[in-house]
Amino acid sequence: MTKDEFARRILEMSPMLYRLCYTQLSQPADREDAVQETVRRAWEHRDKLRDERYMQTWVVRILLNVCDTQRRKNGRLLPVEVLPEQGTEVAENAPLLEALCMLEEKYRLPIQLHYIEGCDVAEVSAMLHLPQGTVKSRMARGRARLREMLKSEVFEG
Amino acid sequence: MTGKNFRDAFPIMDEGFRCAVLQALEDIGKEREPVKRKISVGAVLVAAIVMLAAVAAAAVVGGWGMMDFLEGKSLPEAGEMIQSMEGQTAETELATFTLKEALYDGYGVYMTFSVRSKDPTKFLLPGGQIPGNKLSNLKEDGADLTIGEYAEGKGYEGYTYVGAEIDYKSEVNRGSADGLMFNTRAHLEEDDSLTLMLAAVASDLGEGQLTLQMMCGASDVNLTDTIVWQDRPSVQKASLLLKLQKTDTVRRERISRETVDMPAVGMTIQRVRLIQTPLTTYYEVDYTPYEKFVYNGSIRRNKAYLFGVVNGEGKVVYRSAVANISSMCMVDRETGMWRALGTLPASETLPDELQLRVSIIDDPSNWTSETVTIRFPE
């Protein structure tokens, strides 16, 4: 893969990488570090990617590992909240994001990757190193929890 | 709700993240070089090691000092504990940062910087201020002028944003200063230099020496640019490595012994500890939210607990002597215990009881509050 082709694919993926970082890491600086480390690792180990069709799966896998490492580095005490500034605009769909962030990670990631990022179950299974059956059951439980939190059907149809 | 509804709920990719991706892609040809995010070509990185002796002395750099910022909310002997740091500087091409004073007492970290512009045509703006803000934000005799009117009146042709903060990317700060977040205040001096005061409180900072890597930054201002100054790609940065010796300031402690339920805000107060020092009175609140799921490793960004102590006039002291408690809610992943730490004006005595108000904030316009009495037995 050429550098230009690699860069093009990463830029295409960057909104998705941002959303994944957003739910995985609380601090903007940590997210930026994580995406940089992900890009660096992906480029350095690009020869390990045997089929470029699976680049997205592979990059997401790297990103989740990097985020996991970043969280462990951050130590056991984390700042939980910073108050919103007065007059901060809250997105219309903010409660959805809030509910998603409140889901345990084991439910959140399959739901985020499948329903929000559009990956099929096989891809999610590869990204998370989980059997497809486990992915499906976690998505079902996660949907139920979201439904409970939002008092509304989610991902219908 | 569909996947698109959820996608739309995410904020638009911020400029810092976009720059980080572009920088990483730019760097991938340089495989042997470490990736450095947000450091512009013109950035300057200077490290200075500052060893603090525990000898107390008055600041001699001039201008405001820590005791001025405390505005009489500390006891006079606090001044003897503040350590002079004259001469330790961090330089960028736009501004010079000189550390003036520092104090670390195991619960709080405080420091003051003098900041001077290197370009006589540029007026220094502390991060968070804009030219349209009142000058009284920066100096007491600001009359009714705005910062912009004042700067224009003195013939300045432009602005330079300046600020100092903990370097969250630094490995030095991992473990030693988890969760430490500084509040910054600024004072405009007669010669238009700035004095910045940084104050932070946190639990479990440890004993003995605290090592912190601070990042000082300066950036030319594009007033149409709304991103915060730290995220500007053009920010010039210089770092200071501080080794702060702990000064024992604690005079007395009082601890509540009864748990208190607060159903309206969904939590149980496990205990409150008051810690009396000449600089401030810290209050540490250990609590358990009813709904454990509110913390799962990710941070909820638009929901928060806010703690405040109600004073004798029935008003809540949200922003007290040295720091704002609202940013200091912590959770211990291992025990599940939540902790908030805040400050009150220093006092010669500790109270037998206090009124603690807790608010839960779903969004900026939806607050639910509950006030309880916390008693401290002898």
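**Exercises on helix packing in a predicted model**

In helix α2 of chain A, the buried residues (20 or more other C-beta atoms within 10 Å of the residue's own, with C-beta atoms placed from the backbone) are A:D30, A:R31, A:E32, A:D33, A:A34, A:V35, A:Q36, A:E37, A:T38, A:V39, A:R40 and A:A42. The model is predicted, so that local features need pLDDT of at least 70 and side-chain atom pairs count only at pLDDT 80 or more, while totals for chains, interfaces and linings use all residues. Residues are numbered from 1 along each chain as its sequence is written, and chains are lettered from A and ligands numbered from 1 in the order in which they are written.

**Exercise 1.** Describe the cover and span of α2(A).

*Solution.* Step 1: of the 17 residues in α2(A), 12 are buried, and the helix is mostly covered. Step 2: from its first C-alpha to its last, α2(A) reaches 24 Å, close to the 24 Å expected at 1.5 Å a residue (1.5 Å times one less than the number of residues).

**Exercise 2.** Describe how α1(A) and α2(A) cross, and name the residues that make the contact.

*Solution.* Step 1: the axes of α1 (residues 3-24) and α2 (residues 28-44) of chain A come within 11 Å and cross at roughly 145°. Step 2: the contact (C-beta atoms, placed from the backbone, within 7 Å) is made by A:F6, A:I10, A:L17, A:C21 and A:Y22 of α1(A) with A:R31, A:A34, A:V35, A:V39 and A:W43 of α2(A). Step 3: these residues divide into nine nonpolar, no polar and one charged. Here Ala, Val, Leu, Ile, Met, Phe, Trp, Tyr, Cys and Pro count as nonpolar, Asp, Glu, Lys and Arg as charged, and the others, Gly among them, as polar.

**Exercise 3.** Identify the residues at which α5(A) and α6(A) meet, and sort them by class.

*Solution.* Step 1: the axes of α5 (residues 105-116) and α6 (residues 121-128) of chain A come within 9 Å, crossing at roughly 140°. Step 2: A:L109, A:P110, A:L113 and A:H114 in α5(A) meet A:V121, A:V124, A:M127 and A:L128 in α6(A). Step 3: this contact comprises seven nonpolar residues, one polar and no charged.

**Exercise 4.** Is A:R145 buried or exposed, or in between?

*Solution.* Step 1: A:R145 lies in helix α7 (residues 132-150) of chain A. Step 2: A:R145 counts as partly exposed because it has 19 C-beta neighbours inside 10 Å; exposed would require 12 or fewer, and partly exposed lies between that and buried. Step 3: leaving aside neighbours within four places in sequence, A:R145 is in contact with A:L103 and A:Y107.

Technical notes. Axes are lines fitted to C-alpha atoms, for helices over the stretch in contact, and angles run from 0 to 180 degrees between N-to-C directions. Helices (H or I, at least four residues) and strands (E, at least two) are DSSP runs, numbered from the N terminus. Two residues are in contact if their C-beta atoms, placed from the backbone, lie within 7 Å.
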